[in-house]
Amino acid sequence: MSKPDLKFELHKKYFHRSLDLLPGESAVFDYSRLTILYFALIGLDILDGLDSLSDDRKKDIVEWVYRLQLVPNENCSVHKCGFMGSTTIIHLKNHPGSEKYCESNVAMTYMALCILITMGDNLSRVNKSAVLQGVASLQKPDGSFKSNYEYGESDLRFVYCSLAICNILNDSSGINVNNAIKFISKCLNYDGAFGQNPGTESHGGSTYCAVASLSLLNKLNIVLDDNKSRILERWAVNRQTKGGFQGRPNKEADTCYSFWLGATLSIIGSLNRINPERNRAFVLLNANLITGGFSKNMESIPDPMHTCLSLCGLSLIGEENLNPINPALNITVRATNYLKQIQRDCISPNKDILNSDNDN
């Protein structure tokens, strides 16, 4: 029996539609349009489809992203600087006077930087000092990071985004790296995987955030010695069920975990322990061959996130004609190499940008 094909052009068209027009039910995500843009562009890059965007379209995308940047002024303290999720004004319930509330979000800032790099922008218009100070202001005494300054929750997701931003901008001097590592280590459970916060259930997404964060810091071995890596490997490999991966035990498989757990195993050097053929078959089974795109499972409809992460998972296992990805930053290797170039040319480490008690 021949293996099912990956319909490259069909999925490229799906991402193009995601950039142009979304169904009415997606209106609830208007405040975080940047997320949709991120998944569509990373997905197109994996499919080697960025050339299908005109130069004018690429320029418009870059300009729109820069419109989301908040810089210090009389209406915006440095603690709120970074990138917003869209140009939509957020109205906060139970907070009088918030009718024109604007504040950056660390996840949106991470995605904005990834988009700019992917589109070939050299980050020269990013207010790096303000962004880094904004990130530093989000770190709590326990080493974790909040999503935003005033009302943000804190967990490993935002630790990862904060450390990825510092990695991209080539400067972690403003944060307490040792405290961040201590927080990550406290999220490690007896089963070898990580919960979002200390004492919470192990989960594929938070495990990725922990492992990728440590990898970006080049501190993986501090938390995961050989024995702990083997225990984590066993937990992650055992999440492969029915071909695909589940986020935690006793849950159904979901295409996005082909990336979250595949990337985790790739970072610790254990991706060869999975069954790639079964994983490929599961992911392709959840492709929509009419509209394009991938859904989380057979009972769902395609969306940009699951489509992008399905392609990321396929790229990790060596799917032909897909661009390889950097599993720790979740951008393509092509974009990563461009980032390294602009870091050499434009972004020099600046240890004086922020006041820091960093002990790393």
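How many cavities of 30 Å³ or more does the count come to? The count comes to one, and since the model open in your viewer is a predicted one, the tour that follows concerns computed features throughout.

**First stop: the cavity**

Select His 79, Cys 81, Gly 82, Ser 104, Val 106, Thr 109, Val 131, Gly 134, Val 135, Leu 138 and Ile 165, the residues that line the largest cavity, whose volume is about 40 Å³.

**Second stop: Thr 118**

Stay with helix H4 and move to Thr 118, which is placed in that helix. Because its relative accessible area is 3%, Thr 118 is classed as buried. Its side chain reaches back to the backbone oxygen of Cys 114, at 2.8 Å. To see what surrounds Thr 118 beyond residues up to four places away in sequence, show Leu 41, Ile 42, Asp 45, Leu 50, Ile 331, Arg 334 and Ala 335, which Thr 118 touches.

Draw two distances from its side chain: one to the backbone nitrogen of Ala 328, at 2.9 Å, and another, from a polar side-chain atom to the backbone nitrogen of Leu 329, at 3.2 Å.

**Last stop: helix H8**

Finally, select residues 204-216, which form helix H8, a run of 13 residues that reaches 18 Å from its first C-alpha to its last, close to the 18 Å expected at 1.5 Å a residue. The helix is mostly covered, with twelve of its 13 residues buried, including Gly 204, Tyr 208, Cys 209 and Leu 216. Showing helix H6 (156-168), helix H7 (177-186), helix H9 (220-223), helix H10 (226-237) and helix H11 (257-267) brings up the elements against which the buried residues of H8 pack. Following H8 you come to Asn 218, where phi is positive, near 55°.

How values were computed:
Residues are numbered from 1 along each chain as its sequence is written. This is a predicted model: local features need pLDDT of at least 70, side-chain atom pairs count only at pLDDT 80 or more; totals for chains, interfaces and linings use all residues. Side-chain values use heavy atoms; hydrogens and water are left out. Helices (H or I, at least four residues) and strands (E, at least two) are DSSP runs, numbered from the N terminus. The expected span of a helix is 1.5 Å times one less than its number of residues. Buried means under 20% relative accessible area, exposed over 50%, partly exposed in between (1.4 Å probe, protein chains only). Contact means heavy atoms within 4.5 Å. On a 1 Å grid over the protein atoms alone, a cavity is a set of points where a 1.4 Å probe fits but cannot get out, and a pocket is an open set with protein on both sides within 12 Å along at least five of seven lines; lining residues have an atom within 4 Å of a point. Grid points are joined across faces, edges and corners, and a volume is the space filled by probe spheres set on the points. A polar contact is a pair of N or O atoms within 3.5 Å; within protein, one must be able to donate a hydrogen and the other to accept it, and residues adjacent in sequence count only if both atoms are side-chain atoms.
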